[in-house]
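This report covers the ligand site and a handful of individual residues. The sequence and the structure are shown first.

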Amino acid sequence: MSDKVLLITGASSGIGRATALKAAKNGYKLALLARRENKLKEVVNEVGADNAIALPTDVTKLEELGKAIHKTVEKFGKIDAVYANAGKGLEKAGTEHGDPREWDQLIDLNVKALLWTAKMTMQHLRQTKGHFLITSSVAGKIYLPGSVYGASKWFASGFGHNLAREMKEWGGRCTVICPGMVDTDFFDEPKPDKLKPDDIADAVVFALNAPHHSTVREIEVMPTN
Ligand SMILES: NC(=O)c1ccc[n+]([C@@H]2O[C@H](COP(=O)([O-])OP(=O)(O)OC[C@H]3O[C@@H](n4cnc5c(N)ncnc54)[C@H](OP(=O)(O)O)[C@@H]3O)[C@@H](O)[C@H]2O)c1
C-alpha cells in the first residue's frame, strides 16, 4: 500500500469517480475536485474522511483551482500525482452547425483548465518527482468530420506528450489516457455494451503503480465491439 496523494479533477462522476474509488483501494489519499459537492462527499463517505477531501471547484476558474490545490497541500502535505480528467462534450456537433458559445465552454474546460491544472500543480509534483495523468480520448488520435471536441482531445494528447518530455528533465512522469466510448453521464443515453468507468480506472491505476523507472506514456482502451 502507498500513502501517496492523488488529486483528481472531475471526480464527481464517471471515470474520475471510479478512479478515485480504485486509487483509494490502492492506498492513495485523494483530493477530489468537481463542481457538485454532494457527489464528492459521497466518495469521501465511501473511502473515509482521513483518506479524502472534497474540494468543490469549478476548474475553469483559476482562483478556485488555486485554492483547491492549496487546501490539498494543507491537508496532506504534498501531491504525488494529478489526474486531469474533467472534460465535456458538445450538444451541437461539427463546425458548420456548431455553436461558438459552446466551443468557448469546451475550450475553457478541455484545454485551458487542463493547462492551468498542469501549471499550478507542477511545482508540487517536482518536489515528489510526481506523475501527471490526462484523460484525452481516442477522439484525439483519429480524424472525425468537423469535430471540435476531437480537436480539443488532440490538444490534450499533444500537450501530454510534450509535458512528459518536460517532466522527464527532473524525473517526473506523464501519462495520456485515451478511452474509446465509456458508459458515463458524458452521454444522454446509456451505453451498456461499451466500456465501464472501472475499465479506465484500471488503466489509470496501472500507470500510477508502475515502478518509478517505468513511465507509461499512453494507454488506449477500446470497447471490444
Ligand atoms: N465517456 C466517454 O466515452 C469518454 C471517452 C473518452 C474520453 N472521455 C473523457 O473522460 C473525461 C471524464 O468524462 P466522463 O465520461 O467520466 O463523463 P462525466 O461523468 O460527465 O464526468 C465529467 C466530470 O467532469 C466534471 N466537470 C465538468 N465541468 C467541470 C468544471 N467546470 N469544473 C470541475 N469539474 C468539471 C464533472 O463534475 P461536475 O459536473 O460535478 O463539475 C464530472 O465529474 C472527460 O475528459 C471526457 O472528455 C470520455
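## Ligand contacts

In this predicted model, a polar side-chain atom of tyrosine 149 is placed 2.7 Å from an oxygen atom of the ligand. The protein buries 93% of the 880 Å² that the ligand exposes when taken alone.

Arginine 35 also has a polar side-chain atom at 2.7 Å from a ligand oxygen.

## The shell around the ligand

The ligand has 30 residues around it, and the ones that come nearest are Ser13, Arg35, Tyr149, Val182 and Thr184. By class, the shell divides into 12 nonpolar, 13 polar and five charged residues. Two helices, α1 (residues 14–25) and α5 (residues 148–168), each contribute at least two residues to this shell. The space that the ligand takes up is the largest pocket.

Tyrosine 149, one of the residues that come nearest to the ligand, belongs to helix α5. Is tyrosine 149 buried or exposed? Its relative accessible area is 18%, under the 20% limit, so tyrosine 149 counts as buried. Glycine 87 is 62 residues from tyrosine 149 in sequence, yet their C-alpha atoms are 9.7 Å apart in space.

Serine 152 is in helix α5 as well. Its relative accessibility is 3%, and serine 152 is therefore classed as buried, the limit being under 20%. The side chain of serine 152 forms a polar contact of 3.1 Å with the side chain of asparagine 110.

## Loops on either side of α5

Serine 137 sits in the loop that runs between β5 (residues 131–135) and α5. Despite its place in a loop, serine 137 is buried, with a relative accessibility of 8%. Which backbone atom does the side chain of serine 137 reach? It is the backbone nitrogen of alanine 139, at 2.9 Å.

Glutamate 169 is in the loop between α5 and β6 (residues 173–179). With a relative accessible area of 70%, over the 50% limit, glutamate 169 counts as exposed. The C-alpha atom of glutamate 169 is 28 Å from that of glycine 87, and the two residues are 82 positions apart along the chain.

## Lysine 129: positive phi

Lysine 129 lies in the loop between α4 (residues 100–128) and β5. Its phi is near 50°, a positive value in a residue other than glycine. Most residues other than glycine have a negative phi. Lysine 129 is partly exposed, because its relative accessibility of 46% falls between the 20% and 50% limits.

## Lysine 29 in strand β2

Lysine 29 is part of strand β2, which covers residues 29–34. The relative accessible area of lysine 29 is 24%, so this residue counts as partly exposed.

Conventions. Residues numbered from 1 in each chain as written. Predicted model: local features only at pLDDT ≥ 70, side-chain atom pairs only at ≥ 80, totals over all residues. Heavy atoms only, no water. Near = heavy atom within 4 Å. Polar contact = N/O pair within 3.5 Å; in protein donor to acceptor, adjacent residues only side chain to side chain. Areas by Shrake-Rupley, 256 points an atom, 1.4 Å probe, with all protein chains shown as cover. 1 Å grid on protein atoms, 1.4 Å probe; cavity = no way out; pocket = protein on both sides within 12 Å on 5 of 7 lines; lining within 4 Å. Sits in = over half its atoms within 2 Å of the grid points. Helix = DSSP H or I, 4+ residues; strand = E, 2+ residues; numbered from the N terminus. Nonpolar A, V, L, I, M, F, W, Y, C, P; charged D, E, K, R; others polar. Buried < 20%, exposed > 50% of the residue type's maximum accessible area, 1.4 Å probe, protein only.
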